[in-house]
Amino acid sequence: MSAHNRGTELDLSWISKIQVNHPAVLRRAEQIQARRTVKKEWQAAWLLKAVTFIDLTTLSGDDTSSNIQRLCYKAKYPIREDLLKALNMHDKGITTAAVCVYPARVCDAVKALKAAGCNIPVASVAAGFPAGQTHLKTRLEEIRLAVEDGATEIDVVINRSLVLTGQWEGSDFIKTSTGKETVNATFPVAIVMLRAIRDFFWKTGNKIGFKPAGGIRSAKDSLAWLSLVKEELGDEWLKPELFRIGASTLLSDIERQIYHHVTGRYAAYHDLPMS
Amino acid sequence: MAATRAGPRAREIFTSLEYGPVPESHACALAWLDTQDRCLGHYVNGKWLKPEHRNSVPCQDPITENLASCLQAQAEDVAAAVEAARMAFKGWSAHPGVVRAQHLTRLAEVIQKHQRLLWTLESLVTGRAVREVRDGDVQLAQQLLHYHAIQASTQEEALAGWEPMGVIGLILPPTFSFLEMMWRICPALAVGCTVVALVPPASPAPLLLAQLAGELGPFPGILNVLSGPASLVPILASQPGIRKVAFCGAPEEGRALRRSLAGECAELGLALGTESLLLLTDTADVDSAVEGVVDAAWSDRGPGGLRLLIQESVWDEAMRRLQERMGRLRSGRGLDGAVDMGARGAAACDLVQRFVREAQSQGAQVFQAGDVPSERPFYPPTLVSNLPPASPCAQVEVPWPVVVASPFRTAKEALLVANGTPRGGSASVWSERLGQALELGYGLQVGTVWINAHGLRDPSVPTGGCKESGCSWHGGPDGLYEYLRPSGTPARLSCLSKNLNYDTFGLAVPSTLPAGPEIGPSPAPPYGLFVGGRFQAPGARSSRPIRDSSGNLHGYVAEGGAKDIRGAVEAAHQAFPGWAGQSPGARAALLWALAAALERRKSTLASRLERQGAELKAAEAEVELSARRLRAWGARVQAQGHTLQVAGLRGPVLRLREPLGVLAVVCPDEWPLLAFVSLLAPALAYGNTVVMVPSAACPLLALEVCQDMATVFPAGLANVVTGDRDHLTRCLALHQDVQAMWYFGSAQGSQFVEWASAGNLKPVWASRGCPRAWDQEAEGAGPELGLRVARTKALWLPMGD
């Protein structure tokens, strides 16, 4: 994580002055995907970069220490070693940006990562995930316990009832959604959030991070997200301190694409290790 | 080829996260050129035409590569193409609309099947970003064909009373997309016309389209494409078989063509200039508006540059965002899938370099940014600000890819600045305040207005312009009428008189002398020029005698001159905003009041008509019919304009019918009352104000009507100037602030009016000496009048929460 958001006086006039033209933003969202693509080596390099932004996530009711362990191992070795060697990228220490689990699984994750000998941070959803509709007291307690267990990043679900009544909260990162909604990370919403991040930076000098989560499954999607951030905020936001992708199945599709780039063949299911 | 060039290895890209080339193969375009042995001729009558002993010019992509050579047409090739189109017209126009609809649909299907060839060829040769051609133009080309196929299939019912003009000559400018051709050939072919398109040297995409259409079979010769130099334009335009010339290009070329076609057989439709306008208010979503600027000027969508007006209070913010955004634009080979802008060749590059250098020397600040190859013919996105409004650069058209930004203080001032140019093409308004957006949208004098969007297009929405952007239209119903004429009217013939001296026509007024006292049973006729709501003495302080049918003196009318015309036009302008702002209902009410007044004056009017030789019955009928015309137009105007629904757009597009402004009408000699009223009624009903020259043989009827207008109408609505017809015609036709002119009179006068209209490119309607049956519904009050009396504006209103 970068330096924390130092915060600023709450000035609601900033929010009331913001104008968002919905149809225009929808058009921009369509254009961004059509106007920027990367191919060949550029695609491979961008995909490897995308790996380093992934918060490799499992948020299932039936998570146990064994699949958490597998997840953590995959976080450490996201792409097959021989594929990285072929691209001359094996010594770049490519891992995912973090693993992201429920609070009760933080212990398992910390243990598994230690066993794997790496310092990938553990992120935990907390504070009444995914609805945020629990008491402030239990929400805070949940965060405290997760931190105690070794989580270094907390994804908080804000109390949306407060937002809808105009009472805002601050943060270091903003996330499109929990990933548990029917509609999750979409480009139009992301464009509005990215522009808000830029405006806040211009006004205060604070860089806020951005994390789209939910529904980002294909390698192609991840490339579009990278170029969206590059186009709207610039290269300085393209680092794990300021950009994360919350995803669970994305990584395997990226690995398949890398496999194809290196070998020129499409991989079978069993060619790549599961996560 | 670019794909194999040695790029940075993955390691470096991993760190820099730069974009790489995304080359699109143009192998199929080259293969197609090979089928022509890399030598392109013309496509005429369903066959390739490659005459011998013709000059040829190289066809290059904008960077350097020499692709093929193109034969240049000569006059005899033009004649052959026009003859082929004329022969094809007989069969094509005789078929029922459904047959034409099927043919257009088949062409759309062929384009769909070979779209890769079309887009790679187009992008390769023009240098425009392939994404824009592939996702925009090629798709729209198919939609255009489908839309116009539907129009063709319903032609017999929906366009009853109209018939196709004949062979259309289409002239396209050096830098254009093949889509510009599609916009025009689709409506022309749909209604039954056939086309000869003259494209500039080295434009293979139109030739490919003609080939695809020609190979469809039964109708070769409906679309013929010649490539040739600009010197062929007048030759094509004056071919006797050509019924209409549709010209797209630079304003000065359009003006010259207007002059040279005066009195010729062919009608002329002009679509001139490429500049667009964007109004950014302080309630706009500035980031989205900045994307609008990119769409307009830096995305290879529009052909030209952009004038950008920014409200002062958001100037800094908008400029900062604009410059930030410019830094992320990418330019490169058109066939690269990830560039915003391609290169448009040396000529475009020279033009913009000259403009920017001059702007700098006149004190402007120039900002350039973006990832752009440094060598020619690439040119970076350019933002020009602080250009003094009075400097020469501020007056000329902004070239691609330049945006000229200037501030405004209030919405009212924005309108003054925006309307203060001779151009009237397209504009967008960015404001989140509905009332303000509509106020600006309605107030802008342009053909298309987008609210919070820029550059949207659809086959069902008319696109065109006003003022010196030319008043021809494509798309929607207006596009169809461009190629139709009322059924049964005599064919437009050439009225060219080679020895008409434009410098002296109507210059001098023959002196008039007293012809004795007025005699007769009727009361003394009204005297004076009816200007600004009252009768005034003419500047010349002289009068001309009007004789009745038996040669006796009927009365004197004032001898109007240039100064009187100037005063009348001024009075009409003063009255215009108030009158145009009235609701159609209110305007109708006044026309009905005038009708009632005419009926009260019936006996006077009838007796004056009798003195001009009419039977009493016929005279009374003429008065009654005149009153009916006033009432009919009052009723008709309330049903004008309508809403269009466009695919892929939430929200309506309004097709508005706006008044032209000050309309000058020179009335025919015959039907001194009925013709006058038949022309006055639609003009006023649609919100125009008028300056009218009444029948020269008997202006007294019009002056009688003026007596009623003086009491019924606000001052200045209708101004009537009597005097020497040619002289008044000259004054009106040369007046730069008259927005349109109708002339019903001699062939020579018509030719002069057409020639003189080139000054401000006002739309003109000249009878060329052909009489009209004013008492017949079709000619006296038909839809043609309703079409010519107002101009269309398309107002796009996308919606979203």
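User: How many salt bridges are counted between chain A and chain B?
Analyst: In this predicted model, the count between the two chains is eight salt bridges. Over all chains, the count comes to 67.

User: What makes the contact of Glu41(A) and Arg9(B) a salt bridge?
Analyst: The rule asks for a side-chain nitrogen of Lys or Arg within 4 Å of a carboxyl oxygen of Asp or Glu. The side chains of Glu41(A) and Arg9(B) meet at 2.8 Å, N to O.

User: Which elements of chain A give two or more residues to the side that touches chain B?
Analyst: They are helix H2 (22-35), helix H3 (40-51), helix H9 (187-204) and helix H10 (219-232) of chain A. H2(A) supplies the largest share, nine residues. By class, this side of chain A has 16 nonpolar, nine polar and 16 charged residues.

User: How many residues are in contact across the interface, and what area is buried there?
Analyst: In chain A, 41 residues are in contact with 48 residues of chain B. The buried area is about 4,000 Å², and carbon and sulfur atoms give 51% of this area. Arg35(A), Trp42(A) and Trp202(A) supply 20% of what chain A buries against chain B, more than any other three residues. The interface also holds 20 residue pairs in polar contact, both residues at pLDDT 80 or more.

User: Why is Arg321(B) called buried?
Analyst: The word applies under 20% relative accessible area. Arg321(B) has 8%, so the residue counts as buried.

User: Where does Arg321(B) lie, and which residues does Arg321(B) touch?
Analyst: Arg321(B) belongs to helix H13 (residues 315-326) of chain B. Leaving aside residues up to four places away in sequence, Arg321(B) touches Arg198(A), Asp199(A) and Trp202(A), together with Val286(B), Asp287(B) and Val290(B).

User: What makes the pair of Arg321(B) and Asp199(A) a polar contact?
Analyst: The cut-off is a pair of N or O atoms within 3.5 Å, one able to donate a hydrogen and the other to accept it. The side chains of Arg321(B) and Asp199(A) are joined at 2.9 Å, and the side chain of Arg321(B) also makes a polar contact of 2.9 Å with that of Asp287(B).

User: Is Met341(B) buried or exposed, and how do you know?
Analyst: Met341(B) has 0% relative accessibility, which means that this residue counts as buried, the limit being under 20%. Met341(B) sits in the loop between H13 and helix H14 (345-361) of chain B. Among the residues that Met341(B) touches are Trp298(B), Tyr379(B), Pro381(B) and Trp400(B).

User: Why is the pair of Arg301(B) and Glu132(B) said to tie together parts of chain B?
Analyst: The two side chains meet in a salt bridge at 3.1 Å, N to O. Arg301(B) lies in the loop between helix H12 (286-297) and strand E13 (306-311), whereas Glu132(B) lies in helix H6 (residues 130-153), so the pair links parts that are 169 residues apart in sequence. Arg301(B) is partly exposed at 21%, while Glu132(B) is buried at 4%.

User: Which helices hold Arg608(B) and Glu704(B), and what joins their side chains?
Analyst: A salt bridge of 2.6 Å, N to O, joins the side chains of Arg608(B) and Glu704(B). Arg608(B) lies in helix H21 (residues 602-611) and Glu704(B) in helix H24 (residues 700-712) of chain B, so the pair ties together parts that are 96 residues apart in sequence. Arg608(B) and Glu704(B) are both buried.

User: How do you know that strands E26 and E27 of chain B pair?
Analyst: Pairing requires at least two bridges. Strand E26 (residues 642-645) and strand E27 (residues 652-659) of chain B have four bridges, in the antiparallel sense. In one of them, Gln645(B) has Pro652(B) as its partner. The two strands form a hairpin with six residues between them, and Gly648(B) in the turn has a positive phi of about 80°.

Terms used. Residues numbered from 1 in each chain as written. Chains lettered and ligands numbered in written order. Predicted model: local features only at pLDDT ≥ 70, side-chain atom pairs only at ≥ 80, totals over all residues. Heavy atoms only, no water. Contact = heavy atoms within 4.5 Å. Buried area = accessible area lost by both parts, 1.4 Å probe. Nonpolar A, V, L, I, M, F, W, Y, C, P; charged D, E, K, R; others polar. Buried < 20%, exposed > 50% of the residue type's maximum accessible area, 1.4 Å probe, protein only.
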